[in-house]
Each structure stands twice: as C-alpha cells, then as structure tokens.
Amino acid sequence: MAVSSGLATTLAAAKMEAFSLNSSLPPASSSGSVSLRAYLAPAQLRPFPNPARNNLRRRAMLKGGLRCEVTAASSSGDAVVETAESNIDLDKVSSLSALEQLKASAADRYTKERASIVAIGLSIHTAPVEMREKLAIPEAEWPRAIAELCNLNHIEEAAVLSTCNRMEIYVVALSQHRGVKEVTEWMSKTSGIPVAEICEHRFLLYNNDATRHLFEVSSGLDSLVLGEGQILAQVKQVVKVGQGVVGFGRNISGLFKHAISVGKRVRTETSIAAGAVSVSSAAVELALMKLPESAHATARMLVVGAGKMGKLVIKHLVAKGCTKMVVVNRSEERVAAIREEHKDDVEIIYRPLTDMLPCAAEADVIFTSTASDVPLFLKEDVKDLEGSRFFVDISVPRNVGSCVNDLENVRVFNVDDLKEVVAANKEDRLRKAMEAQEIITEETKQFEAWRDSLETVPTIKKLRAYAERIRLAELEKCLAKMGDDIPKKTRRAVDDLSRGIVNKLLHGPMQHLRCDGSDSRTLSETLENMHALNRMFSLETEVAILEQKIRAKTSQK
C-alpha cells in the first residue's frame with residue numbers, strides 16, 4: 001500500500017505541474033479540434049448542464065461509446081463538444097489510473113525532453129570558504145552521497161566533486177526544476193545551511209553548459225590558479241571512487257571520463273600548464289610575497305600535515321630555495337618518505353602533533369594542510385606566542401580559526417586569499433585560455449553527439465525484444481507441428497535458422513539506429529528513424545521508460 005500511495009503522490013505531482021505549465025488549451029488544429037484526452041483531466045469530462053448537450057451525450061452513448069473533442073468556442077463562449085463512435089467508455093475515462101493520468105497530462109514533462117545533466121555547486125568564485133567547508137564531503141563518503149542523491153524521486157545518476165575550492169554535484173535529472181529542488185534540499189539537510197542561503201551562492205548549469213563547465217574545471221580553466229594540475233587528479237578520483245557505485249551511471253561516468261581526456265588534451269596541446277602552479281604552490285608564492293625578500297633564505301618554515309597537500313607545499317618550498325623546515329604530522333612514516341625524496345636538497349625535521357604549538361612559536365610561516373574537521377589553531381593558542389608570523393591555511397575545513405586573524409602580530413591567509421598570486425601575466429593566461437576554449441568547444445560537441453546517440457539504445461532493446469518474442473512464438477508452433485521426437489540436432493538447426501532470419505531482418509533497422517560516426521548519417525536522421533520504428537512497431541519506448549523509472553523510484557520508498 002505504501003508503494004501505491006507513493007506512486008500516486010509522485011504521479012499526481014507531475015500531473016499538477018503539467019497543468020500549471022499548460023493552464024490554457026492550445027489552438028485548435030486545422031480540423032477545428034484537438035484530442036480532449038491530451039489536455040483535460042478526467043474530472044473535466046463530466047456531462048454538460050445544457051439539456052441539448054445532454055441529448056447529444058445520450059445519443060452518443062446509445063451508439064456504444066463517446067469521443068470528445070474540443071472545437072472553437074461558440075458565440076456564447078461555451079465550448080462545443082462533438083460526439084462519434086469510439087471505444088473509450090465514459091466511466092473508464094472518468095476513472096483513469098494515476099499512471100494513465102500521467103501519460104495523458106504530464107508525459108510531455110518527461111518524454112518529449114530527455115533527462116537533463118545538471119551541475120549544482122558552490123565554488124571559490126561564488127561562495128565563501130565558511131560555506132564550502134560545511135558542504136564539503138570527504139572522499140570516503142562519496143558513494144553514500146551518490147546513493148542518497150539517486151534515491152531522490154527525480155534523480156537517476158549522480159557524482160560528487162568536492163575539493164578545497166569547490167563542492168559540485170552532477171546529476172541526471174528526470175525533471176530539471178524538481179531535480180534541482182531535491183538536490184538543494186539534500187545539500188541543506190547534510191550541511192545544516194538553510195536552502196535560501198545555498199540558493200544565494202550556488203550556480204546551476206544544464207546539459208551543454210554543465211558539460212562545458214566540467215571540461216573547463218578538468219582543464220584548469222576554472223581554478224584559482226590557471227592550469228593547475230591537481231584538479232585533474234581530483235576528477236580522476238571521482239571516476240575511480242564511482243566505479244561499481246550504482247548511481248554512477250552511463251551518462252555521468254561518460255561525462256567524467258570525457259572530462260579527463262579533455263583535461264589531458266588541453267595540457268598537451270596548449271602551454272597552459274607552463275609555469276602554472278597548484279594551490280600548494282600558490283600558498284608558497286603568497287607566503288614569499290608577504291615576507292621581505294631579504295628574509296626568503298632565512299625564514300623559518302613549519303608545515304603541519306604531510307598528506308598530499310603538505311607534500312606539495314614542501315616540494316614548492318624546496319623549489320624556491322628553502323633549505324630547512326619543520327614538519328608536524330601524526331606519524332613519522334610519511335615525513336621519512338618525503339625526507340628520502342629530498343635528502344640532497346633540504347633538511348626536514350619531524351615533530352609529533354603534540355609539539356605543534358611549541359614549533360609554531362619558533363616559526364615565521366606556518367602552512368596547515370590537514371584533514372582535521374576542527375581548527376587546530378584558535379585565538380587562545382596563538383595570542384601568547386612572541387613575534388609576528390603568517391598562517392597560510394590551505395585546508396577545507398580550515399585548520400586555523402578565523403578569530404586568530406584578530407591578533408595584531410598574526411596574519412592568516414586561506415584558500416580564498418590566494419587570488420593575489422594569480423595577478424601576473426594576465427594577457428598570457430588569457431591567450432592560453434582561448435586556445436583551451438577552442439578545444440573544449442570541439443570536445444563538448446563530441447560528448448553531446450555521444451549522449452544524443454544513447455537515445456536510440458532503448459529503441460534498439462525494445463525492437464530486439466519485440467522480434468525475439470515473435471521468433472520464440474513461431475519457433476514453438478513449428479516445433480509443435482514437427483512432433484516430440486525431433487532430434488536435438490534438428491531442433492537446434494531450426495532454432496539457428498530462426499535466429500539468423502531475425503538477425504538479418506534487424507540488421508538494416510539497427511544500422512539506421514546507430515550514430516557512431518562510422519557513416520555520413522546525421523543525428524537528426526538517426527532520431528527520425530528511431531521515432532519511425534517506435535510508431536511502426538508500437539514500441540512506446542519513451543512512455544515505457546517513464547513508467548519503469550517512476551515505478552522504480554516509488555518502490556524504494
């Protein structure tokens with residue numbers, strides 16, 4: 001009963017949405033009428049109070065049925081209803097099931113337009129770090145997030161791209177409006193941020209725009225530092241984590257895999273990565289910009305955290321000429337590995353996490369890059385430290401509380417402050433970005449063509465299933481006529497014969513349903529072929545898929 005109730009609720013909502021979008025009837029066709037079933041709810045098919053019209057109705061019912069059509073309005077402003085023979089009984093029309101109502105009134109919402117790829121996100125360009133850190137989803141939680149998102153009524157596939165600079169969710173939505181609403185509410189629920197506040201800072205991109213955005217992200221065009229390579233590795237990680245996760249489906253996985261190829265191509269064919277820096281490199285650049293040039297060689301450096309980001313900070317410090325630094329970490333193993341890598345270049349001193357504050361007291365610049373979800377440095381921890389110092393916090397959530405910046409002898413910089421580092425060589429960056437955009441435009445068209453070709457897949461499956469049902473039925477009749485004592489070899493030969501005939505007959509239609517670039521057939525021609533086959537064989541592919549999706553969603557409730 002709960003499933004039926006959920007189905008009725010979902011379908012009723014879709015029906016009401018369709019009516020709100022089509023509050024007025026379309027113009028009459030050339031024949032002066034359009035089918036009433038396509039535009040009116042069952043409740044609107046009630047008898048007219050006009051006695052003359054009731055007589056028309058009675059005469060139609062005596063003929064065994066009723067066909068209602070809407071024509072041009074009469075002089076009194078009332079619609080005229082014509083009647084004729086039909087196999088639609090009035091009582092049946094008035095008691096259409098919820099699913100039939102969906103087909104009649106709201107099918108356009110889902111079937112005339114394919115499911116949309118939607119990007120819903122907040123980045124360093126649209127939202128402050130305080131909001132992004134609340135929305136951040138650890139990599140280990142991505143599969144759970146995908147499962148929860150795909151359990152929403154209008155979401156089929158999903159992926160999460162959560163980094164220090166962005167938190168973006170990519171989904172395949174049956175309805176753009178409802179899908180965005182459901183995902184935004186989910187983001188609010190998981191982060192504790194009100195929906196209105198998320199809406200104020202989020203960005204929304206659909207289909208081609210969403211595709212282009214992800215390609216720009218993977219190419220480093222949307223990064224704080226143009227061309228930085230770390231984001232491409234993070235996009236790769238989305239694919240790696242998504243493998244085997246049910247909701248990481250064909251469209252979304254295809255999008256992210258293509259984004260990886262685009263990112264590689266942009267970096268290979270343009271010089272966008274030449275001289276480009278990652279967030280870690282930008283952090284080092286910023287620290288050196290704030291220090292007097294005379295102090296670059298003697299400044300005391302402390303790195304808190306020896307993970308991926310901390311390792312990159314150390315690498316860039318070494319590249320800038322730093323010869324000695326202290327690294328605070330939970331364990332010494334990672335620090336020892338980093339020390340071995342740079343043993344000829346720099347002296348790296350390990351200290352346990354318990355020595356963090358004493359080490360901070362002796363440092364001029366403190367880089368923090370841990371995965372801690374609570375601040376490691378608060379105002380009360382730093383206020384008694386003598387001398388002035390810089391904190392460069394590249395963690396999200398932040399490792400240094402914002403209150404620390406209130407102290408006179410302390411400056412705190414976070415990932416949002418790295419914008420200063422990217423002020424140089426603007427003209428050169430723009431030229432490189434324009435070259436990359438040309439590649440992205442080409443690749444976006446290729447991905448859209450691939451995705452368009454997927455529209456024919458359900459029709460291919462339906463047509464094969466249709467032919468297979470006929471084959472099996474006729475094979476059974478043939479074998480029955482041949483008797484029970486047919487040799488297995490003969491039975492197998494007849495079965496092979498039937499399969500061969502069906503495969504050869506289907507070869508032509510199947511070739512005309514494929515759009516893989518192997519011939520000169522255009523996508524529009526392929527889609528025309530698909531619709532023609534749907535009509536000829538009554539496959540009703542789109543409606544059948546709609547029913548299947550809605551039933552699957554409600555059965556999970």
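So, Val-183: in this predicted model, and leaving aside residues up to four places away in sequence, Val-183 touches Ile-120, Leu-149, Leu-152, Ile-155, Ile-169 and Val-171. Keep that residue in mind, since we'll meet it again.

Okay, zooming out to the core. The largest nonpolar core has 60 residues, and the ones touching the most other members are Val-183, Met-187, Phe-248 and Phe-256. Which helix gives the most to this core? That's α11, residues 250–269, with 7 residues. There's also a second, separate core, this one of 39 residues, and among its members are Val-129, Leu-224, Met-301 and Phe-367.

Helix α6 covers residues 142–150 and helix α7 covers residues 176–191; their axes come within 10 Å and cross at roughly 135°. Angles over 145 degrees would count as roughly antiparallel and 65 to 115 as roughly perpendicular, so α6 and α7 are oblique to each other. The crossing is right-handed, too.

Who's actually meeting whom there? On the α6 side you've got Ala-145, Glu-148 and Leu-149, and on the α7 side Val-183, Trp-186 and Thr-190. By class, that contact comes to 4 nonpolar residues, 1 polar and 1 charged.

Last stop, helix α9, residues 208–218. Is it mostly covered or mostly open? Mostly covered: 8 of its 11 residues are buried. The buried ones are Ala-210, Thr-211, His-213, Leu-214, Phe-215, Glu-216, Val-217 and Ser-218. And if you step just past the end of α9, you'll find Gly-220 with a positive phi of about 85°.

Definitions and conventions. Residues numbered from 1 in each chain as written. Predicted model: local features only at pLDDT ≥ 70, side-chain atom pairs only at ≥ 80, totals over all residues. Heavy atoms only, no water. Axes fitted to C-alpha atoms, helices over the stretch in contact; angles between N-to-C directions. Helix = DSSP H or I, 4+ residues; strand = E, 2+ residues; numbered from the N terminus. Parallel < 35°, antiparallel > 145°, perpendicular 65-115°, else oblique. Left-handed = near helix turned anticlockwise from the far one by under 90°. Contact = heavy atoms within 4.5 Å. Nonpolar A, V, L, I, M, F, W, Y, C, P; charged D, E, K, R; others polar. Core = buried A, V, L, I, M, F, W, Y, C linked by side-chain atoms within 4.5 Å. Buried < 20%, exposed > 50% of the residue type's maximum accessible area, 1.4 Å probe, protein only.
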